Amino acid sequence: MDPKTNLVITQQFVRRLIKKAGKILKNYFYSDNIIRKEKAGVDFTTEADQEVDKFLQSKIKSRYVKSNFLTEETAPKDYSSLSDTENLWVIDPLDGTINFSRKHPNFSISIALMHKGEIILGTIYVPLEDKLYEAMKNREGSYLNNKRIYTSETSALRETVIACDWAWDLEKRKNVIRWIEYLSGQIRQVKSMGSAAADLASLAEGKIDAYIHSGLKPWDVAAAGIIIPKADGIITLPNGSTWSPFDSDILASNGILNKKMLELI
Ligand SMILES: [Mg+2]
């Protein structure tokens, strides 16, 4: 695959694919057939996560033979060496598994294509709302169902609504608690909505002003990593340094608030 010349066609392919995957999740969601499989600590997965992971990988592989994969369900324990890989599909087949298994509608699918460390395509789909967020290299802007989206224009901390979430790694949760402690006295509200990909997409759309997390994996954030900047948002590490999808911590914001939040945390 030549990622540059074929990117538009690839995006159309991913769009169709992610919607089909969304249908599989929807069918599980409305059935009483969500079977949990425990993982380490407080983490777990379901048959739906695994089925959609397999579905996406097989469809992508049969169309793009030279694909490499980093997916939640099949990632090796140490995937850091993959960060510079060519044609790397970074996939979360179901982000927000707790919501999904408890019949809460906020869950999503996240597909990103990275090439030698650069995110060149990002697609996030929220099946129950039929919301498709997209951005790609060499095309201006981010889009929700083909309409251009922008982050919010909130500039005052007292009007700021942020979201955070809780890592499977219980130690990492303490970072979020610390940051929230610094922020909570100054801002309007802190939400925890349960799907990093969907919540970062809602930041790109201007529904929240910032998002903070510790303990993320590349498949949670790689697609948002292109959708947010192209919607005029900013992503950094919570200490202000340059962010990459292989970092576990994130401070994403509408771009106006980044500096003010960094001063507080
Ligand atoms: Mg997942």
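Here is a walk through the sheet, the helices packed on it and the metal site. The model is predicted, so local features need pLDDT of at least 70 and side-chain atom pairs count only at pLDDT 80 or more, while totals for chains, interfaces and linings use all residues. Residues are numbered from 1 along each chain as its sequence is written, and side-chain values use heavy atoms, with hydrogens and water left out.

Start with the open sheet: seven strands in the order β3-β4-β5-β6-β7-β8-β9, with mixed pairing. Strands here are DSSP E runs of at least two residues, helices are H or I runs of at least four, and both are numbered from the N terminus; two strands pair if DSSP finds at least two bridges between them. At the edges sit β3 (68-71) and β9 (147-149), each with a single partner strand, so one side of each has no neighbour in the sheet. Zoom in on β6 (residues 118-126) and β7 (residues 131-136), and you'll find an antiparallel pair with six bridges. Thr-123 has Glu-134 in β7 as its bridge partner.

Now the helices. Helix α1 (residues 7-30) lies across β4 (88-95), β5 (108-115), β6 and β7, with contact meaning heavy atoms within 4.5 Å. Helix α2 (residues 47-63) lies across β3, β4 and β5.

Finally, the magnesium ion: its protein donors are Glu-72 (OE), Asp-92 (OD) and Leu-94 (O), 1.8 to 2.3 Å away. Donors are N, O and S atoms within 2.8 Å of the metal (3.2 Å for Na, K and Ca), and water is not among the atoms, so sites may look incomplete. Glu-72 lies in the loop between β3 and β4 and Asp-92 in strand β4, so the pair ties together parts 20 residues apart in sequence.

Definitions and conventions: Axes are lines fitted to C-alpha atoms, for helices over the stretch in contact, and angles run from 0 to 180 degrees between N-to-C directions.
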